Amino acid sequence: MDEKNNNINPDLVTEPVSAIDLDELRRQFDTEARYRDLSGWQAVFVTVLAVGMSLFHLYTAGFGLLLAMKQGATHLAFVLVLVFLLYPATAKSSKNSVPWYDFIFAVLAAFATLYLVIEFEEMVNRAGLPTSMDIAVGFIGIALLLEATRRVSSPVLPCIAIFFLIYCYFGRSFPQIFQHRGFNITRIINHMYLGTEGVFGIPLGVSATFVFMFILFGSVLEQTGMGRFIIDLAMALAGGATGGPAKVAVLSSGLMGSVSGSSVANVCTTGMFTIPLMKSVGYKPYFAGAVEAVASTGGQIMPPVMGAAAFIMAQFMGVPYIEVALAAIVPALLYYFAVMVQVHFEATRLGLRGLPREKLPNLFKLLRSKGHLLIPLVVIIYFLLAGYTPLKAAYNGIIATVLISFLNKETRLTLPKLKMALESGAKGALGVACACATVGIVVGTATLTGLGLRIASAIVTIAGGNLLFTLVLTMIACILLGAGLPTTANFIVTSTIAAPALFQLNVPPMAAYMFVLYFGIAADLSPPVALAAYAGAGIAGADPMRTGVTAVKLALAGFLVPFIYVYNPMLVLVDFKPWPFTLAIITAILGVFLLGMSTIGFYKTKMAWWLRIIALGGALGLLIPGWQSDMLGLVILIITHFIQVKKAGKEIEPAG
């Protein structure tokens with residue numbers, strides 16, 4: 001055990017990995033990071049546009065939003081122009097300059113979106129009677145949106161949108177259960193582009209307000225040095241514990257992920273520090289990469305900020321965002337508790353200790369010098385709890401960040417840093433905005449044709465009306481869609497197409513939407529397209545598939561918890577009652593603890609294979625609602641404890 005700790009590389013404790021091109025790694029797994037490296041007047045032009053986009057959103061957040069259609073159209077105008085200037089059309093296109101045809105696309109995109117702003121009053125007067133010009137603009141706008149989305153994410157989402165457009169037109173030719181009378185091109189374009197049911201519906205509206213401001217908030221925080229502060233804070237709190245570096249990864253990545261909202265970006269940000277730390281104390285490379293991937297991915301379900309999908313969920317349900325954030329607390333904590341338990345058991349199994357005290361930051365000195373960076377998070381939580389909109393909370397959080405940054409020279413937001421924050425904030429919003437606008441076509445198809453109810457009926461029929469089978473089918477749909485879609489787009493598609501099946505079986509909306517959100521996020525960890533796990537493997541120098549499989553094992557609680565709160569919605573604060581809620585949390589914690597033993601195969605000492613299977617059954621018993629199953633799980637937990645304690649005692653005796 002001591003030998004392992006003597007092999008710690010001091011450089012890895014304080015410095016990030018340098019042998020890997022992290023920018024290239026992020027481009028490999030995060031399509032949104034594959035933008036051109038411009039120079040000269042083109043770089044200046046893009047910077048001015050990006051900064052202008054951020055200033056526009058700051059102004060409207062502080063002094064009043066435009067009408068929904070105008071706000072969304074202006075937002076999309078900035079987005080499409082920047083995408084065509086920043087993202088190459090193909091892998092062979094120029095990475096260092098903007099070709100002439102992309103300038104043409106950018107101009108056409110600006111025209112097709114700002115046309116809706118300029119002609120807004122006239123279009124309202126002739127609602128339902130679009131002119132030939134309206135239809136032409138709509139056709140160009142949809143085509144350019146699909147191309148921009150292809151560039152910034154992948155071809156999967158545009159192909160899905162095109163399929164739904166075809167479905168709108170050829171409705172009579174589909175199988176009987178999905179048939180509808182069909183709509184002509186004019187009606188389709190009018191519904192999808194010229195109104196607020198399609199492209200300019202709720203998803204883009206959320207992107208143009210709440211989501212952008214929280215992305216910008218994250219960028220401003222990052223320029224103050226918040227990322228390194230969070231890692232240092234996690235090291236001070238957990239670095240000296242058993243398997244400390246892995247616990248540091250769980251804490252720091254959870255905090256960063258809550259703000260960043262991107263699994264892959266978070267892996268590349270915090271993983272550059274935490275993965276070498278984990279390897280330095282003896283964790284296997286694949287395990288280190290998996291821990292970072294699981295912790296980073298879970299940040300999207302961790303309040304208070306969470307990912308963009310949470311804002312859209314609140315809009316779909318018609319409830320304040322704070323209700324979604326509060327409902328997510330218990331499932332998120334169970335997710336991270338499960339990861340922490342498994343990390344601890346793995347460290348104990350391998351005999352790994354924490355980092356030496358002299359290599360860790362001093363907590364009080366750290367808080368004294370940079371603790372003020374936590375104030376903006378407190379500000380956001382305060383305004384959310386006080387009943388302010390997420391938009392106003394994020395705006396006040398940004399203002400607070402700028403002001404408190406001047407309390408320390410190291411964190412001060414100088415003009416160059418502010419410019420960088422405004423620019424990176426705009427760039428970071430492009431992928432989410434394109435995804436939200438494109439999935440608006442899917443939502444528009446559901447409202448135009450009634451497809452959501454048809455698919456819901458089909459799922460329930462296939463599952464024979466059985467809730468468990470319906471949940472399994474919905475889970476599979478979410479993971480398959482998530483393999484090719486960004487989390488936000490995945491949530492909107494599955495909440496439109498799959499969630500209605502759960503509604504038909506009387507699952508509360510909060511539990512149903514949270515269910516599809518969890519499994520949409522789980523796709524970032526699930527092979528064969530586990531982008532977050534593969535990014536972690538790239539930094540760790542590990543086998544990608546083995547890292548992905550290990551990530552699934554570590555996130556097993558994340559795959560089970562959604563089923564539990566569907567059967568016991570009280571965990572997401574539905575029909576809240578203090579005593580049953582407390583009891584549900586206690587049994588869930590014990591269940592997750594037993595689940596950790598089973599997956600790692602260690603408690604006090606190595607567990608026999610048959611005991612691991614029994615422990616898994618006990619974990620499920622504790623997680624499933626009902627006093628009978630709880631009692632069975634509790635008995636198994638107690639028996640497992642005594643068996644392992646006795647076995648560990650026998651292993652120590654000969655040494656004595």
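How many salt bridges does the structure hold? I looked this up in what is a predicted model, and the count came to twelve.

**Entry 1: Asp102 and Arg36**

I started with the salt bridge between Asp102 and Arg36, where the closest N and O atoms are 2.7 Å apart. Are the two partners buried or exposed? Asp102 has 0% relative accessibility, so it counts as buried. Arg36 is buried as well, because its relative accessible area is 3%, and the cut-off for buried is under 20%.

**Entry 2: Glu147 and Arg151**

Next I checked Glu147, which forms a salt bridge with Arg151 at 2.8 Å between the closest N and O atoms. Both residues lie in helix α8 (residues 132-152), four residues apart, or about one turn of the helix.

**Entry 3: Glu346 and Arg349**

In helix α17 (residues 321-350) I looked at Glu346 and Arg349, three residues apart, about one turn of the helix. Their side chains meet in a salt bridge, 2.8 Å from N to O. Glu346 counts as buried because its relative accessibility is 7%. Arg349, at 41% relative accessibility, counts as partly exposed.

**Entry 4: α17 against α26**

I stayed with α17 and turned to its packing on helix α26 (residues 509-522). The axes are 11 Å apart and the angle is about 60°, so I recorded the two helices as oblique to each other. The crossing of α17 past α26 is right-handed.

Which residues meet here? From α17 I listed Glu323, Val324, Ala327, Ala328, Pro331 and Ala332. In α26 they meet Met510, Met514 and Tyr518.

**Entry 5: α30**

Last I checked the span of helix α30 (residues 578-600), which has 23 residues. From its first C-alpha to its last, α30 reaches 33 Å, close to the 33 Å expected at 1.5 Å a residue. What follows α30? I found Gly601 there, with a positive phi near 75°.

Note on methods: Residues numbered from 1 in each chain as written. Predicted model: local features only at pLDDT ≥ 70, side-chain atom pairs only at ≥ 80, totals over all residues. Heavy atoms only, no water. Salt bridge = Lys/Arg side-chain N within 4 Å of Asp/Glu carboxyl O. Buried < 20%, exposed > 50% of the residue type's maximum accessible area, 1.4 Å probe, protein only. Expected span 1.5 Å × (residues − 1). Axes fitted to C-alpha atoms, helices over the stretch in contact; angles between N-to-C directions. Parallel < 35°, antiparallel > 145°, perpendicular 65-115°, else oblique. Left-handed = near helix turned anticlockwise from the far one by under 90°. Contact = heavy atoms within 4.5 Å.
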